[in-house]
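Here's a quick tour of one structure, with an eye on charged pairs and helix packing. Have the coordinates open while you read.

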Amino acid sequence: MLTAATTLVAWATTNLAEGARSAVTDLTEFLRRRFRGEAAVQELVDVGRHPPAPDTARRLATLLEQEAERDPAFDAEFRARYAQVRAVVANHAGDVTNTVSGDVAGPVVQARDVHGGISFGSSHT
């Protein structure tokens with residue numbers, strides 16, 4: 001569960017491609033529904049809504065382990081959903097998500113693979 005929790009925190013705080021982002025959101029929504037009404041737990045589950053604390057992954061892993069021990073059906077469903085999300089994220093690993101925000105005063109390039117140079121305006125030699 002520590003691996004799953006650490007990966008979930010990483011996914012939630014990384015700018016993933018849309019298909020992968022959607023899969024991660026579905027997994028976190030599953031956890032939100034599961035722990036609805038438990039305010040302290042919601043903070044852990046909502047890792048994508050705010051910057052996580054340094055111990056978030058460990059605390060989330062502990063929560064998931066406790067819930068999995070308490071309810072084997074939850075354990076099986078979480079593991080199955082997590083495996084599906086891992087496959088989706090891996091499938092979209094080569095996708096590119098570009099984001100530009102704030103005030104941009106100069107040229108911006110959004111690209112994945114660039115072979116050769118990029119230049120703006122005319123060259124002065």
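What follows covers salt bridges, a helix contact and a couple of nonpolar residues in a predicted model.

Let's start with the charges. Searching the whole structure turns up 8 salt bridges.

| Pair | N to O distance | Relative accessible area |
|---|---|---|
| Arg32 and Glu29 | 2.5 Å | Arg32 12%, Glu29 28% |
| Arg34 and Glu67 | 2.6 Å | Arg34 27%, Glu67 10% |
| Asp55 and Arg59 | 3.8 Å | Asp55 28%, Arg59 29% |

Arg32 and Glu29 sit 3 residues apart in helix α2, so about one helical turn separates them. Arg32 is buried, while Glu29 is partly exposed. The salt bridge between Arg34 and Glu67 ties together distant parts of the chain, with Arg34 in helix α2 and Glu67 in helix α4, 33 residues apart. Those two also belong to a salt-bridge network with Arg70 and Asp71.

Glu67 turns up again in the helix packing. The axes of α4 (residues 56-70) and α5 come within 5 Å and cross at roughly 125°, so α4 counts as oblique to α5. On the α4 side, Leu64, Glu67, Ala68 and Arg70 make the contact; on the α5 side it's Pro72, Phe74, Asp75 and Phe78.

Now the nonpolar side of things. Val24, in helix α2 (residues 18-34), is buried at 2% relative accessible area. Its C-alpha lies 6.9 Å from that of Trp11, 13 residues away in sequence. Phe120, in the segment after α5 (72-91), is partly exposed at 47%. Together with Val109, Val114 and Ile118, Phe120 makes a nonpolar surface patch of about 350 Å².

Methods
Residues are numbered from 1 along each chain as its sequence is written. This is a predicted model: local features need pLDDT of at least 70, side-chain atom pairs count only at pLDDT 80 or more; totals for chains, interfaces and linings use all residues. Side-chain values use heavy atoms; hydrogens and water are left out. Patches are made of residues with over 30% relative accessible area and no salt bridge: like charges are joined within 9 Å, nonpolar side chains (Val, Leu, Ile, Met, Phe, Trp, Tyr) within 5 Å. Accessible areas come from the Shrake-Rupley method with a 1.4 Å probe; for residues, only the protein chains shown count as cover. A salt bridge is a side-chain nitrogen of Lys or Arg within 4 Å of a carboxyl oxygen of Asp or Glu. Helices (H or I, at least four residues) and strands (E, at least two) are DSSP runs, numbered from the N terminus. Buried means under 20% relative accessible area, exposed over 50%, partly exposed in between (1.4 Å probe, protein chains only). Axes are lines fitted to C-alpha atoms, for helices over the stretch in contact, and angles run from 0 to 180 degrees between N-to-C directions. Angles under 35 degrees count as roughly parallel, over 145 as roughly antiparallel, 65 to 115 as roughly perpendicular and the rest as oblique. Contact means heavy atoms within 4.5 Å.
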